[in-house]
Amino acid sequence: MLNNSSIGLTRFNIVLEVLHNANRITETVAERAKDQYVSFCSVVKERYQDEFENFLSDECNLELNNFYYGLLSKEKKWEDLWQVVKLCFIFSYGNASVERGFSVNKTMLVENLKEQSLINQRRAYDGIKSLGGVENVSITKRMLLAIRSARHWYRADLMRKKEYLDKKTSKTQEKRKLENELQQLYNQKKKIRLEKEKEETEFEEKIQILEEKRKSLL
């Protein structure tokens, strides 16, 4: 939605209208939220590009509501936009639309299909559907360049995933090494403590024996 500002703004206006008609937001909040949405979209690439790329990666387990909470809730200038987004997260939808979504996903599923591939296919499906069909999709120069670069981006993504896994493996090994070293230190500490306790016990026994001998000589 953020990649196509006109479609995104149209959809957001529909959301605002629905919420306003349902008396969930005031007209003032709707107007401010609309302005904040436009401002937010204008700074996404400049300020939040990395956040969105990380969120869309296979390694990210962050839920959508938590993702936008981190982006919008902490800055007062997005206050009304965040209010609308929160309402969208808790908005009550009928099961029919959800079940239709499951049906679409099922038709796209093939053996060994990656989760991200399914997500991307579903995005393409939803995008085409929002335009009213394939015949309404404009083949732009940017789209053609993206297709030509697909192999390059695929290899780059594989390399990025490999680097991520290597880094994760390295961290796991380092963590295991540190845990082993810590365990050895704990064991040494325990051994020293036990030896000290044993030594103290022996001293106490010797002292007690000598005390008894001293008393016997009185």
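**Briefing: helix packing, helix geometry and a loop residue**

Helices α4 and α5 are roughly antiparallel to each other, because their packing angle of about 175° lies over the 145 degrees that sets this class. The model is a predicted one.

**Contact of α4 with α5**
- The axes of α4 (residues 64-72) and α5 are 11 Å apart.
- From α4, the residues Leu64, Asn65, Tyr68, Tyr69 and Leu72 meet Leu81, Trp82, Val85 and Phe89 of α5.
- By class, this contact comprises 8 nonpolar residues, 1 polar residue and no charged residues.

**Helix α5**
- Helix α5 covers residues 79-90, and its 12 residues should span 16 Å at 1.5 Å a residue; the end C-alpha atoms are 17 Å apart, which agrees.
- Its buried residues are Asp80, Leu81, Trp82, Val84, Val85 and Leu87.

**Helix α2**
- The 21 residues of α2 should span 30 Å at 1.5 Å a residue, in agreement with the 29 Å between its end C-alpha atoms.
- A bend of about 25° occurs in α2 at cysteine 41, and Cys41 is also among the buried residues of this helix.
- The other buried residues of α2 include Val29, Ala30, Ala33, Gln36, Tyr37 and Phe40.

**Asparagine 23**
- Asparagine 23 belongs to the loop between α1 (5-21) and α2 (27-47).
- Its phi is positive, at about 60°, although the residue is not a glycine.
- Most residues other than glycine have a negative phi.
- Asparagine 23 counts as exposed because its relative accessibility is 69%, and the cut-off for exposed is over 50%.

Definitions and conventions. Residues are numbered from 1 along each chain as its sequence is written. This is a predicted model: local features need pLDDT of at least 70, side-chain atom pairs count only at pLDDT 80 or more; totals for chains, interfaces and linings use all residues. Side-chain values use heavy atoms; hydrogens and water are left out. Helices (H or I, at least four residues) and strands (E, at least two) are DSSP runs, numbered from the N terminus. Buried means under 20% relative accessible area, exposed over 50%, partly exposed in between (1.4 Å probe, protein chains only). The expected span of a helix is 1.5 Å times one less than its number of residues. The bend at a residue is the angle between axes fitted to the seven residues ending there and the seven starting there. Axes are lines fitted to C-alpha atoms, for helices over the stretch in contact, and angles run from 0 to 180 degrees between N-to-C directions. Angles under 35 degrees count as roughly parallel, over 145 as roughly antiparallel, 65 to 115 as roughly perpendicular and the rest as oblique. Contact means heavy atoms within 4.5 Å. Ala, Val, Leu, Ile, Met, Phe, Trp, Tyr, Cys and Pro count as nonpolar, Asp, Glu, Lys and Arg as charged, and the others, Gly among them, as polar.
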